[in-house]
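Dear colleague,

I am handing over a structure that will be new to you, and I would be glad if you could look it over before reading my notes. They follow directly after it.

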Amino acid sequence: LYQRVNYLHPAELEARYFLASSLQDRAKGSDLQEAEKEYAQLRLQAPDYVLVHAKLARLYTALGRKEEAARSWQRQLQLDPYLLQGTQVLASLYAGQGKLDEAHAVLSAGLLRHPGRADLAQNLATVEAARNKRGKR
């Protein structure tokens with residue numbers, strides 16, 4: 001259905017988004033690569049379409065492309081800085097890559113937007129401990 005709508009109405013953002021999402025969810029054969037193509041086209045049509053960046057970040061993570069995933073989460077958080085999941089996942093990606101300063105900055109900004117979140121505070125404390133440990137080596 002979404003493929004037909006895209007064919008008939010190529011400027012229809014929602015149809016392209018849901019086509020890409022359904023391909024990503026199914027994830028058989030070349031689905032992830034096709035989803036990536038649809039998301040790329042969607043980004044060309046509407047670079048600030050907020051929904052696409054989190055989906056792309058998840059897609060890149062599934063494909064093992066962590067740097068691209070991080071860039072997509074960064075863009076998602078620029079467009080929607082209150083997306084808690086984006087804060088958590090981006091900080092986790094950075095920490096997993098040893099980018100502790102970047103993880104610290106993301107979590108600190110997240111705590112400013114979500115004061116009192118124990119999970120953010122705990123993750124920030126973990127990153128601070130890792131930074132201190134790294135500094136003592």
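In what follows, two residues are said to be in contact when heavy atoms lie within 4.5 Å. Please keep in mind throughout that this is a predicted model.

I begin with a pair of helices. The axes of helix α2, which covers residues 13-26, and helix α3, which covers residues 31-45, come within 8 Å and cross at roughly 155 degrees. Angles over 145 degrees count as roughly antiparallel, and α2 and α3 are therefore roughly antiparallel to each other, with a crossing that is left-handed. On the side of α2, the residues that meet α3 are L13, R16, Y17, L19, A20, S21, L23, Q24 and R26, and their counterparts in α3 are D31, L32, E34, A35, E38, Y39, Q41, L42 and Q45. The residues of this contact divide into nine nonpolar, four polar and five charged.

I then turned to the aromatic rings, where a search of the whole structure finds two aromatic pairs. Y17 and F18 form an edge-to-face pair, with 5.1 Å from centre to centre and 75 degrees between the planes; Y17 is buried at a relative accessible area of 9%, whereas F18, at 40%, counts as partly exposed. Y17 also forms an edge-to-face pair with Y49, at 5.9 Å centre to centre and 75 degrees between the planes. Because Y17 lies in helix α2 and Y49 in the loop between α3 and α4 (50-62), this pair ties together parts that are 32 residues apart in sequence. Both Y17 and Y49 are buried, and Y17, F18 and Y49 form one aromatic cluster.

Definitions and conventions
Residues numbered from 1 in each chain as written. Predicted model: local features only at pLDDT ≥ 70, side-chain atom pairs only at ≥ 80, totals over all residues. Heavy atoms only, no water. Axes fitted to C-alpha atoms, helices over the stretch in contact; angles between N-to-C directions. Helix = DSSP H or I, 4+ residues; strand = E, 2+ residues; numbered from the N terminus. Parallel < 35°, antiparallel > 145°, perpendicular 65-115°, else oblique. Left-handed = near helix turned anticlockwise from the far one by under 90°. Nonpolar A, V, L, I, M, F, W, Y, C, P; charged D, E, K, R; others polar. Phe/Tyr/Trp six-rings, centres within 6.5 Å; stacked < 30°, edge-to-face > 60°. Buried < 20%, exposed > 50% of the residue type's maximum accessible area, 1.4 Å probe, protein only.
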